[in-house]
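Here are a few exercises to work through with the model open. Try each task before you read its solution.

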Amino acid sequence: MTIKFSIILPTYKCEFIENAIDSVISQTYTNWELIVIDNNLNNHVLNVIENKKNKKIRYYKIKNHGIIGKSRNLGIKKSNFDWIAFLDSDDLW
């Protein structure tokens with residue numbers, strides 16, 4: 001059985017989003033999907049994702065009104081796999 005992970009990455013005005021995304025892409029384990037939930041509706045985030053040209057990365061917009069749990073819950077709802085991991089947009093793996 002192959003374990004597959006859905007990685008939920010909520011973001012809000014984060015300058016370091018590309019570093020967080022790159023840290024996932026550079027992992028040696030490849031059975032994952034990355035779900036980016038953008039609370040700021042920021043074109044910078046969307047441009048970074050589009051430039052990666054990685055079909056494992058999906059992007060959704062939300063207005064969570066300061067409740068990050070709403071962003072995480074949306075990511076879980078959009079996930080395709082049974083295992084969930086969280087990564088903040090200013091962190092690295």
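Patches are made of residues with over 30% relative accessible area and no salt bridge, with like charges joined within 9 Å and nonpolar side chains (Val, Leu, Ile, Met, Phe, Trp, Tyr) within 5 Å. Areas come from the Shrake-Rupley method with a 1.4 Å probe, and for residues only the protein chains shown count as cover. A salt bridge is a side-chain nitrogen of Lys or Arg within 4 Å of a carboxyl oxygen of Asp or Glu.

This is a predicted model: local features need pLDDT of at least 70, side-chain atom pairs count only at pLDDT 80 or more, and totals for chains, interfaces and linings use all residues. Residues are numbered from 1 along each chain as its sequence is written, and side-chain values use heavy atoms, leaving out hydrogens and water.

**Exercise 1.** Find which residues make the nonpolar surface patch.

*Solution.* Met1, Ile3, Tyr29 and Trp83 make a patch of about 510 Å². Now take isoleucine 3: its relative accessible area is 32%, so it counts as partly exposed (buried is under 20%, exposed over 50%, partly exposed in between). Isoleucine 3 sits in the segment before strand S1 (5-11); strands (E, at least two residues) and helices (H or I, at least four) are DSSP runs numbered from the N terminus.

**Exercise 2.** Work out the order of the strands in the sheet.

*Solution.* The order is S3-S2-S1-S4, an open sheet with parallel pairing (two strands pair if DSSP finds at least two bridges between them). Strand S3 (57-61) and strand S4 (83-86) each have a single partner strand, so they stand at the edges. S1 and S4 pair over 4 bridges, and phenylalanine 5 has tryptophan 83 as its bridge partner in S4.

Key: Buried < 20%, exposed > 50% of the residue type's maximum accessible area, 1.4 Å probe, protein only.
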